[in-house]
Amino acid sequence: MNENDYIAIEAYLQGEADQEARAALEKRATEDVQFAAALAERRQLNDHLKARGKEPDLRNTLDQLGKKYFQSKETTVRKLRPQKRKPWQRLAIAAAIALVVSLGITFLWPSKGTTYEQFAQHQPISLTERGTGDELASQAEAAFNQERYAESADLLERYLQEQAEDQQAKLALGISLLESNQDSAAVNVFQEIAESGSSLAPYGNWYLALAAVKRGKNAEALKFLDLIPATDTYLKARADRLRATL
Amino acid sequence: MQQHPDYRFLVALRENDSRTLEELYQECSPKITQWVLKNNGTVADANDLFQEALISLHASAHRQDYTLTCPISALLFTICRNQWINQLRRKKKESEVRKVEAERYTPESATVSAYERWEEDQLQQARLDEALAKLSDTCQKLLRLLGKGTSPVEAAEKLGMSNANTVYRRKNACLNRWRELIVAKGDE
């Protein structure tokens with residue numbers, strides 16, 4: 001076996017050998033034991049390189065499938081953003097809201113606590129998608145969902161340094177700041193979300209309204225509530241209820 | 001040995017065929033999730049275990065001599081189960097390990113032998129990776145580029161080499177070095 005033999009094997013395994021060279025090489029592999037062993041060994045190394053080379057693309061595919069098929073029931077039923085509903089479901093929800101309104105809001109709504117406390121009921125978050133910063137994501141998620149807001153504010157800030165585009169985490173950061181009485185920092189975060197044009201933008205306005213209510217600025221709160229689009233039926237219903245109490 | 005019909009899933013892993021892989025997720029994710037949740041894990045843990053099990057099989061799927069001799073769902077479940085027990089052990093959760101191991105679980109003999117081959121494969125792949133990481137930066141760069149399917153002509157351009165022939169010669173030298181490192185490790 002000399003260098004040219006190995007180079008011929010490499011061209012063959014790389015798929016670059018012409019038909020004649022391929023046939024000659026395959027014939028030699030059946031006749032020459034040493035050559036066959038060298039071919040098998042080089043094939044193993046090349047196969048390993050190919051597998052490692054293709055792994056990142058496969059990981060992307062599996063990440064997507066994992067998100068679809070490994071969903072936590074606790075987090076999926078209580079996502080921040082209402083799921084898209086079919087027309088009959090929307091009608092049913094609208095009818096239910098109308099019924100609640102006609103029966104009187106106070107029947108379903110707790111009467112104790114400040115207006116802010118009544119409405120500041122935050123949905124749990126789910127940040128633990130596969131990828132970078134996973135450990136931090138799960139710590140931030142746990143702290144937020146367990147209402148340890150000073151801690152979650154710190155963790156989310158660090159998480160967002162790596163995942164700056166994660167609007168859900170940004171919203172959770174705003175909430176954590178608001179709950180830790182860092183109102184003006186919270187308002188800045190909500191402002192960014194409201195102006196982001198993302199699907200969570202209505203939540204930016206909702207929390208700007210809540211932050212205003214917390215500081216006793218009801219007139220300001222009403223302005224933000226007006227910015228919540230009617231198409232977001234879930235949030236609009238909450239906004240209408242808040243408006244009725246101001 | 002004859003290939004099990006589920007070998008098509010290994011082809012799907014090799015070819016990154018998401019549609020076929022989705023069938024596998026549909027079939028396997030409920031059982032694996034249920035088992036991990038029952039054994040002190042989360043849905044995210046189940047997802048991680050399943051994904052890493054598939055990635056490990058992906059490397060085997062590239063080997064021409066690899067034969068799948070049992071249903072892939074049984075093999076994947078066994079891999080996930082044993083990996084989870086190892087993780088619990090690493091976290092020193094011995095009581096949970098005992099609880100998991102106490103539960104009766106006897107896979108089919110075909111699955112047991114497939115799992116044993118999988119374990120050998122993992123060791124072999126780890127040996128290859130370890131030696132690969134010891135190669136010079138240029139060698140690693142060249143081999144990874146070619147592994148991704150970059151043509152020798154393109155690789156020559158990217159690495160400032162004169163032509164495809166130089167790439168082959170360089171590749172040959174790198175592979176020889178890689179092989180020496182693997183053999184040296186085996187002799188330790």
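Guide: Gladly; what follows takes the terms one at a time. Please keep in mind that this is a predicted model.

Visitor: Let's begin with a single residue. Why is Ala153(A) called buried?

Guide: A residue is buried if 20 or more other C-beta atoms lie within 10 Å of its own. Ala153(A) has 25 other C-beta atoms within 10 Å, so Ala153(A) is buried. You will find Ala153(A) in helix 8 of chain A.

Visitor: What makes Leu173(A) a contact of Ala153(A)?

Guide: Two residues are in contact if their C-beta atoms, placed from the backbone, lie within 7 Å. Setting aside neighbours within four places in sequence, Ala153(A) has Leu173(A), Ser176(A), Leu177(A) and Ser180(A) as its contacts. For another pair, the C-alpha atoms of Ala153(A) and Ala143(A) are 8.8 Å apart, with the two residues ten apart in sequence.

Visitor: How do the chains compare in outline, and what is the secondary structure of chain B?

Guide: Chain B comes to nine helices and zero strands, while chain A has 13 helices and zero strands. Buried residues account for 29% of the 246 residues of chain A and for 33% of the 188 residues in chain B. Now take contacts between residues at least 6 apart in sequence. In chain A, 47% of these join residues at least 24 apart; in chain B, 67% do.

Visitor: What makes a group of residues a nonpolar core?

Guide: The members must be buried, of a nonpolar type such as Ala, Leu or Tyr, and joined through C-beta atoms within 7 Å. The largest such core has 38 residues, and Tyr207(A) and Ala209(A) have the most contacts inside it. Elements of chain A that give two or more residues to this core include helix 7 (134-145), helix 8 (149-162) and helix 13 (233-245). Helix 11 of chain A gives the most, with nine residues.

Visitor: Which residues does Ala209(A) contact, leaving aside neighbours within four places in sequence?

Guide: Those are Ala221(A), Phe224(A), Leu225(A) and Leu242(A). Apart from this core lies another, of 34 residues, including Leu57(B) and Leu88(B).

Visitor: Which residues meet where helix 4 of chain B and helix 6 of chain B touch?

Guide: From helix 4 of chain B come Ala74(B), Leu75(B), Thr78(B) and Ile79(B), which meet Thr111(B), Ala114(B), Tyr115(B) and Trp118(B) of helix 6 of chain B. By class, this contact has six nonpolar, two polar and no charged residues.

Visitor: And how many residues does each chain bring to the contact between chain A and chain B?

Guide: Chain A brings 33 residues and chain B brings 38 residues. The largest share of chain A's side, 21 residues, comes from helix 3 of chain A. That side of chain A has eleven nonpolar, eight polar and 14 charged residues.

Conventions:
Residues are numbered from 1 along each chain as its sequence is written. Chains are lettered from A and ligands numbered from 1 in the order in which they are written. This is a predicted model: local features need pLDDT of at least 70, side-chain atom pairs count only at pLDDT 80 or more; totals for chains, interfaces and linings use all residues. Helices (H or I, at least four residues) and strands (E, at least two) are DSSP runs, numbered from the N terminus. Ala, Val, Leu, Ile, Met, Phe, Trp, Tyr, Cys and Pro count as nonpolar, Asp, Glu, Lys and Arg as charged, and the others, Gly among them, as polar. A residue is buried if 20 or more other C-beta atoms lie within 10 Å of its own, exposed if 12 or fewer, and partly exposed in between; C-beta atoms are placed from the backbone.
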